[in-house]
Amino acid sequence: MVKEIKKVDLGARILASESEEYQTGSWRKEIPVVKDKEEMNKHVEIALYCPEAAIVYVGGKYSHIDYKFCKGCGICANYLKKVIEMKRV
Amino acid sequence: MRALINGNYAVSYAMMQINPDVCASYPITPQTQIIETFSKYVADGKVTTENILAESEHSAMSACIGASAAGARVFTATASQGLAYMIEVIYIAAGLRLPMTMVVGNRGIGAPLLLHCDYSDSFLARDSGWIQIYCKDVQEVYDTTLMAVKITEETKIPVMVMMDGFYTTHGEQVIDTLSTKQAVNFVGKKPKWPNMLDSKITFGNVSLTDSNIEVRERQWRDLANSSKSILGIQKGFEKFSKRNYGLYESYGLKDANTVFVTMGSSYQAIELTCQELRKKGKKVGCLRPRVYRPFPYNELRAELKGKKIIVLDRAISHGAEFGPMGLEFQGMGREFYNVVYGIGGRDFGLEEAKDLVGKFLKGKQKKFQFYGLRKDLKN
Amino acid sequence: MDVKGNELQKIWEKGKEGFGPGHRTCSGCFIPTIVRTVLGNVPDDCEPVVSIATGCLEVTSTIWPHTSFGVSCIHNAFENSASTLAGVERAYAARKKRGELKKKYKFIVFAGDGGTVDIGLQALSGMLERGHDILYVLYDNAAYSNTGMQRSGSTPYLASTTTTPAGLESTGKAQKRKDIMSIVAAHNIPYAAQANPAYLDDFIYKIKKALSYEGPKFLSVLMPCNYGWKFPSSKTYDVARLATETNFWPLYEIEGGKYKINYNPKKALPVEEYLKSHKLYAHLFKPELRKNLIAKVQEEVDKEFKVLGKK
């Protein structure tokens, strides 16, 4: 039995508002853990360095990491050593 | 308004009347006059079209795709090597379902390099998904250019309008043009289609094995059903012009037992020959497909049932049993013959038509032959 | 960082809206960083409209039914990203003239070195010559990464790619890389610059400056590819830093035909440090240290940096 009928548009074009989410969190073998939140607040640029935009800042201050998308690449932990640590999953 | 005009100017004039948003083009014989005259219209302020003079045909068609994806009414023109160069993007334009009009001045594709008419260029795009319409004379080119704009915007399938290189592109004929007001009223206001400037949309994305065939089937189905729209729009044009067009044109089919099938300007020579022979009591008829894609196979099969058909091909399909048109028609009629003629612009006028028709009426001919090869040239 | 936290947050938010997560780029790829930083610096009153070439960015971010792009994006074919957007830009001009549009837009192309320097050179050149109001961002990962790291015109001298592998008879690519910046500068465009995402202040400054000009603009951005160059995914930032600290990838801009070097390291590191950092040049170190070849690379880097200073 067909559960859900999806629609593919002409030429497979996709409206941004109709894009289906694709979670890449299952890719990771290591997970970043933030050790020093105060230090994170001084380096907002790390949000741009994360390829998945998974390091979330709110009001200029570090908020959390979006583990739905984090691929565990380790760029953040390498940029801010001692502040973020990569732990084996 | 009556005008003495050639095919190139007719296209340019029609486009000037409707003042499209964008024109992206690259010059190539025999279509250079289209873009030259159109550029003069732009320079004189007779149109407010954005004229992109691209650095190649590939880029010209790419710019057309970009412009249509941004919601603009767009047209271009090309021929021969140019069409072959842009073939990659021609497939993409049809796949993306973007409205656009392209006029092709049929010229054969080299090698050896040639400047004159045969249909090897537009036949290259047969499978691409474009609507293809072949015109026999300048009047039809003018009319079809206007109709094409309406067809493409209604069906969301790009349209290719063909005219014979040099015979129709450069040959001047007296035609009836619509007034600019009539042309604008007929073509109508540009409808809204999903585009990049009015919404946030991704075009041209990847469609893998999970969805590709569904998208293609829809494209195939829509092209097959587009003949309904084409007929409707042509009927609408009749109200403005008093000229009617169908998916094909024929003469004397009803009681003919021998039918000659051809396309483009050579149809006029065949038709004149058939008319003369009719006066002498010979039951001959002729037919030309006008809309080649989507091919009206049901209608043509019915029309040609039980008749001896001779299909004239102005192109070669190397390695196949027949020419490209021959391959489409081979299942039809009671007896089938295929003749390749006029390649590389070898003239096929009234004399040649009479000679060929005479040959087929007189005696048995080979199933497939080349017509008009020089006897004094060894090859 | 000179750019302050609040502004960086704004850039990140705007960039994330334009290019969100869910793309299948390799773990540790800086392409999303580059795209997000560029989109995040588009002025508030303009909407970005993007054209992308076939390559890493396109095939990972726009797979039906997902698109990472929150802005309008068109992919046409490999070589025509520039000419496609030229059509979009002229369509905007035409529709605006006829009163159909009220919004303002910024037109941006993202293409890899394959789709720019080799197959895309014709389209790029035509677009630059016609003077369209387009920002062209080239992310240079020194090869055709998407299809598995074959050499491109932008692959540097002696790099070992899959089509110029180091072997018993070969030491990698025998030709120097194409100087795309000189080619672009020859078109007399208002602004062109070479940038590095690991130097974020400079990168943001260059994006803002480019977007402030009308006409064609060009940014050549280094993109260390951890999959193709073979280094750990966490080291992308380090490799990018080394490229500029060794003067291998100098940061400079060409504004109105005038050259200006933006970063002149007081003590440039030896280029060997950069060559050691990834496996494109592994054959220069193992099984034996090829001192003469490394010296050749150093000589070329020094010469080019000197010539750049004099321009």
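The contact (heavy atoms within 4.5 Å) between chain B and chain A takes 15 residues from chain B and 9 residues from chain A. This is a predicted model, where local features need pLDDT of at least 70, side-chain atom pairs count only at pLDDT 80 or more, and totals for chains, interfaces and linings use all residues. Residues are numbered from 1 along each chain as its sequence is written, chains are lettered from A in the order in which they are written, and side-chain values use heavy atoms, with hydrogens and water left out.

Start with chain A. Chains B and A bury about 1000 Å² between them, 63% of it on carbon and sulfur atoms. Buried area is the accessible area (1.4 Å probe) lost when two parts are put together, summed over both. B:Lys200, B:Asn205 and B:Val215 supply 34% of what chain B buries here, more than any other three residues. On chain B, strand 9 and helix 9 (212-241) each give two or more residues to the side that touches chain A. Helix 9 gives the largest share, 4 residues. Helices (H or I, at least four residues) and strands (E, at least two) are DSSP runs, numbered from the N terminus.

Strands pair if DSSP finds at least two bridges between them. Strand 1 (residues 14-15) of chain A joins strand 9 of chain B through 2 bridges, running antiparallel. There, A:Ile14 has B:Thr202 as its bridge partner. Strand 9 of chain B also pairs with strand 4 (residues 72-75) of chain C, in the parallel sense, over 2 bridges.

Now turn to chain C. Here 45 residues of chain B are in contact with 42 residues of chain C. The buried area is about 3300 Å², and carbon and sulfur atoms give 52% of it. B:Glu50, B:Met196 and B:Leu197 supply 21% of the area that chain B buries against chain C, more than any other three residues. The rule finds 7 salt bridges across this interface. B:Glu50 forms a salt bridge with C:Arg90, with the closest N and O atoms 2.5 Å apart. Elements giving two or more residues to this side of chain B include strand 3 (50-53) and helix 3 (57-69). Helix 3 of chain B gives the largest share, 8 residues.

Methods. Salt bridge = Lys/Arg side-chain N within 4 Å of Asp/Glu carboxyl O.
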